[in-house]
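Welcome! Here is a short tour of a structure with your sequence and 3D view beside it. Please take a look before reading on.

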Amino acid sequence: MAIQTIEVRERVMARNDELAAQVRSRLDAHGVVAFNLVSSPGAGKTTLLERTLAAVGKELEIAVITGDVQTQNDAERLAVHTDRIVSAVITDGACHLDALQVLTALDALDLDHTRLLFIENVGNLVCPANWDLGEREKIVLFSVTEGEDKPLKYPAMFKRARHVVMTKTDLLPYVPFDIHAAMANAVRVNPELSFLEVSALRSWGLRDWFGFLRYSAAGEQVSA
Amino acid sequence: MHEMSIALEIARIAEERLGESASQLVTVAVDVGDDAGVESASLEFCLDAVFSTPPFRGAKGVVVRAPGDVLQLAYLEVDDGNPDD
């Protein structure tokens with residue numbers, strides 16, 4: 001038999017990255033800043049978004065795409081706080097969102113009246129790291145009920161992110177969590193990271209978070 | 001567990017490259033970086049499963065570890081069924 005070898009050398013993510021580029025150019029054309037929110041399950045993505053939508057959702061014209069594995073629960077929780085379109089992607093068991101899902105979800109959003117777009121990814125610190133969704137930046141939520149070594153265990157996600165939001169800081173007195181060691185571990189993985197500390201439940205640190213969002217949205221308006 | 005979606009994407013690329021000779025595919029080699037967030041054994045398992053369904057007829061997945069976060073379909077081997085020259 002004659003075996004023939006065909007060199008391919010094609011990146012597996014090439015097609016996803018192409019679609020992500022389409023998402024990016026559509027968002028850029030409308031002056032929309034998109035953040036990809038990633039974390040372990042239960043770190044507080046939906047709660048932080050609920051508080052954010054309630055406080056500055058209208059002002060900053062925030063839209064949300066949520067990625068739920070099997071339910072619409074997150075979308076329903078967020079819909080209470082906003083009349084802006086919340087577009088839910090049910091991933092049917094998949095561990096991440098991909099650029100095609102986001103590109104499709106954009107059709108359901110009024111981009112002309114959107115300044116900030118949150119893409120709430122599936123709770124998972126491994127898989128979503130590989131999938132570019134066309135976002136401007138990835139924001140990792142890191143709750144104080146996790147381990148300080150999480151950035152060392154899941155370096156890919158922390159390497160690809162730009163910001164870390166430390167969540168549930170109201171629980172710090174009750175858990176053996178050294179927040180400074182945790183942040184030091186994250187910086188070891190990615191020295192470029194910036195940090196915010198919040199408790200969405202107690203409204204701690206939310207002013208800084210909203211300030212960051214206003215700054216991000218305004219920066220885009222100036223350049224748009 | 002995104003190895004299955006990666007395997008399916010690899011199958012899509014392979015089918016695009018091979019067209020009608022997809023059924024002659026015998027080996028699929030994938031470069032996987034240490035920081036790519038992909039588990040080799042799991043990916044090989046998924047490749048074997050995906051490439052045992054039409055238009056393929058049982059190609060073997062081979063993972064080649066590499067440094068960095070590379071994740072690419074390296075090469076394909078097809079057997080045209082003709083005897084060697």
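## A glycine in a loop

A:Gly31 counts as partly exposed because it has 16 C-beta neighbours inside 10 Å. On this scale a residue is buried if 20 or more other C-beta atoms lie within 10 Å of its own, exposed if 12 or fewer, and partly exposed in between, with C-beta atoms placed from the backbone. You will find A:Gly31 in the loop between α1 (14-29) and β2 (33-39) of chain A. Helices (H or I, at least four residues) and strands (E, at least two) are DSSP runs, numbered from the N terminus. The C-alpha atoms of A:Gly31 and A:Ile3 are separated by 52 Å, although these residues are 28 apart along the chain.

## How to read this model

This is a predicted model, in which local features need pLDDT of at least 70 and side-chain atom pairs count only at pLDDT 80 or more, while totals for chains, interfaces and linings use all residues. Residues are numbered from 1 along each chain as its sequence is written, and chains are lettered from A and ligands numbered from 1 in the order in which they are written.

## Where the chains meet

The contact takes 22 residues from chain A and 25 residues from chain B; two residues are in contact if their C-beta atoms, placed from the backbone, lie within 7 Å. On the side of chain A that touches chain B, strand β1 (residues 3-11) gives the most, with nine residues. By class, that side has 13 nonpolar, four polar and five charged residues. Here Ala, Val, Leu, Ile, Met, Phe, Trp, Tyr, Cys and Pro count as nonpolar, Asp, Glu, Lys and Arg as charged, and the others, Gly among them, as polar.

β1(A) runs antiparallel to strand β3 (residues 71-79) of chain B, and seven bridges join them. Two strands pair if DSSP finds at least two bridges between them. A:Arg11, for instance, has B:Gln72 in β3(B) as its bridge partner.

## A buried alanine in chain B

B:Ala14 is found in helix α1 (residues 3-18) of chain B, and it counts as buried because it has 24 C-beta neighbours inside 10 Å. Leaving aside neighbours within four places in sequence, the contacts of B:Ala14 include B:Ala22, B:Val28 and B:Leu73.
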